[in-house]
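Please keep the sequence and the structure in view while reading.

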Amino acid sequence: MDDLVIRSRRAVLPDGERPAAVSVASGRITAVAPFDAAPPAAVTVDLGDVALLPGLVDTHVHVNEPGRTEWEGFASATRAAASGGVTTLIDMPLNALPPTVDPAALAAKRSAAEGACAVDVGFWGGAVPGNLASLRPLHELGVFGFKCFTADSGVPEFPPLDAAGMRAAFREIASFGGLVIVHAEDPASLSAPSGGGYADFLASRPPSAERTAVEQVVRLAEETGVRAHILHLSAADCLDVLAKAQADGLPVTAETCPHYLTLSAADATGTAFKCCPPIRDAANRERLWDGLASGVVSCVVTDHSPCAPDLKRGDFATAWGGISSLQLGLPAVWTAARERGHDLAAVVGWMAAAPAALAAVPGKGAIVPGGDADLVAFAADETFTVDPAALRHRHPVTPYAGRTLTGVVQATWLRGRRTGGPPAGRLLTPEPR
C-alpha cells in the first residue's frame with residue numbers, strides 16, 4: 001500500500017492539466033492515475049478543484065548565510081519558499097561570507113545549511129578573478145554551475161570578470177561540461193544616478209547595458225562552447241540577440257523574474273522596488289511576456305535578494321538593490337499570466353520544469369512516476385492581499401505590499417511529507433549529464 005494519494009481535478013502534469021490521483025511511497029511518486037482510480041493508500045487527500053502542481057524550482061535565491069545571516073538565512077528563506085510552493089532552491093554564491101568560490105567556502109555553506117532547511121537546497125559556485133583553479137574542484141564537489149558578473153556585484157568580495165577573465169573561465173567551465181550563469185550588464189554603459197529618484201536610477205542602467213553584455217556572452221559561448229545562461233533578464237531589447245543565438249544552435253538560455261513581469265517603472269514608489277538590472281516600463285514588460293511565450297526566455301525565478309531593512313532606507317541612488325519575493329513569486333506570476341491568457345501549465349513550465357532542466361536538478365519539476373513527491377495544493381482562483389507581516393523571509397520588505405494577488409498556496413509537500421514541521425530539506429547535487 002502506498003503512503004499517500006493526493007487527488008485533484010486540476011492536476012498539472014507534463015501533458016497538461018487534467019483530473020488525476022498521484023500516489024506516493026517512500027518520498028517518491030509511484031503512479032499518476034485517473035482521479036477515481038487511485039490504488040489504496042494509508043492517507044488520501046482530496047483537493048477537489050484546488051490545483052495540484054509540482055513543487056517549484058527556484059534557481060536564483062540569495063540566502064546570504066553564513067556571514068550575512070542578518071539579511072536572510074537558510075531557516076527563514078526555506079520556510080518562505082515552502083509557503084510559496086517552492087520545494088527546491090539553489091543558493092547564489094555571493095552575499096555570504098565567504099562567497100562560494102572555493103571548496104572551503106562550499107563546505108562552510110553546507111555546514112550552515114545542514115539541518116536548517118524546510119525545502120531541498122543546492123548551491124551555485126562563483127567565478128571571480130583569481131579562482132580559475134577552483135572551478136573544476138567545485139564542479140566535482142557538486143555545485144550546479146558558476147555565476148559571474150560583468151559589472152560590479154555590489155559586494156567587494158565578489159568582483160566582476162573582465163573580458164579576458166570571462167574567456168578563461170568560460171573555457172575552463174566548458175572543459176568539464178559545466179554551466180555558467182551571468183549577471184549581464186556592461187560596466188561601460190552604466191553610470192552613477194544623477195539624483196535619488198527612480199527615473200534617475202533607471203537612466204543610469206539603460207537597456208543597452210544589458211544588450212551589450214548579452215552580446216558578449218553570446219560571442220564567448222560561440223567561441224568556447226560553454227553552456228551559458230543569462231540571469232534576471234530585464235531589457236526586452238536583448239530578446240532578438242538571444243533568439244538568433246538559439247536559432248544558430250548556441251547553448252544560450254535566459255530567465256526573467258516575477259518583478260519584471262508584474263511591475264513597471266510607474267509602480268516604483270519606494271526603494272523596495274530597487275533591483276539591478278532595474279524594473280523598466282510597461283511596454284518593455286509586455287515584450288518580456290512575448291519572449292516567454294516564444295520560448296526565447298525559458299525560466300521565471302525570483303532573484304530573491306533581501307537585506308537588512310536599514311540598507312533599504314534612503315533613496316534610489318543609495319539603497320541596496322534587491323527584491324524579496326520568494327514566497328510570492330507563484331501568485332504574482334499567475335496573477336499576471338492569467339490576465340494574458342496563459343494557463344497554469346505554462347506557469348509550471350516556466351517556474352518548475354524549465355529551472356529543473358536548466359540546472360539538472362534530479363527528480364524535480366514535474367509530477368511523474370519516479371520523481372520526488374514534491375507537490376503543491378494551489379487554489380488558483382482565490383485572491384489575497386499581500387501583508388508583509390505574513391511573509392516568512394527574515395525581513396518584511398516587499399514591493400508587493402498591499403497588492404491583491406490571485407492564487408493561494410494551501411499546502412506544500414516535500415517528498416510526500418507536508419512542510420511546516422521539523423526541517424526535512426536535503427542538500428542536493430546535480431544529476432550527471
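## Cavities, a pocket and a sheet

β6 gives the largest share of the lining of the second largest cavity, namely 3 residues. The model is predicted: local features need pLDDT of at least 70, side-chain atom pairs count only at pLDDT 80 or more, and totals for chains, interfaces and linings use all residues. Residues are numbered from 1 along each chain as its sequence is written, and side-chain values use heavy atoms, with hydrogens and water left out.

Helices (H or I, at least four residues) and strands (E, at least two) are DSSP runs numbered from the N terminus. On a 1 Å grid over the protein atoms alone, a cavity is a set of points where a 1.4 Å probe fits but cannot get out, whereas a pocket is an open set with protein on both sides within 12 Å along at least five of seven lines; lining residues have an atom within 4 Å of a point. Grid points are joined across faces, edges and corners, and a volume is the space filled by probe spheres set on the points.

The structure holds 4 cavities of 30 Å³ or more.

| Space | Volume | Lining by class |
|---|---|---|
| Largest cavity | about 70 Å³ | 6 nonpolar, 4 polar, 1 charged |
| Second largest cavity | about 50 Å³ | 7 nonpolar, 2 polar, 1 charged |
| Largest pocket | about 480 Å³ | 13 nonpolar, 11 polar, 5 charged |

Here Ala, Val, Leu, Ile, Met, Phe, Trp, Tyr, Cys and Pro count as nonpolar, Asp, Glu, Lys and Arg as charged, and the others, Gly among them, as polar.

Domain 1 (2-52 + 371-418) and domain 2 (55-359) each supply at least three residues to the lining of the largest cavity; the domain bounds come from an automatic or database assignment. Among the residues of this lining are Lys 312 and His 395. Around the second largest cavity, β6 (56-61) and α10 (329-339) each provide at least two lining residues, and the lining includes Asp 58 and Met 351.

Of its 29 lining residues, Ser 153, Gly 154, Arg 205, Cys 276 and Gly 321 are the closest to its centre. β10 (146-149) and α5 (198-204) are the elements that give two or more residues to this lining.

An open sheet of 6 strands runs in the order β9-β10-β11-β12-β13-β14, with parallel pairing; two strands pair if DSSP finds at least two bridges between them. β9 (125-126) and β14 (299-300) stand at the edges with a single partner strand each, so one side of each has no neighbour in the sheet. Within the sheet, 3 bridges join β12 (227-230) to β13 (252-256), and Ala 228 has Val 252 as its bridge partner in β13.
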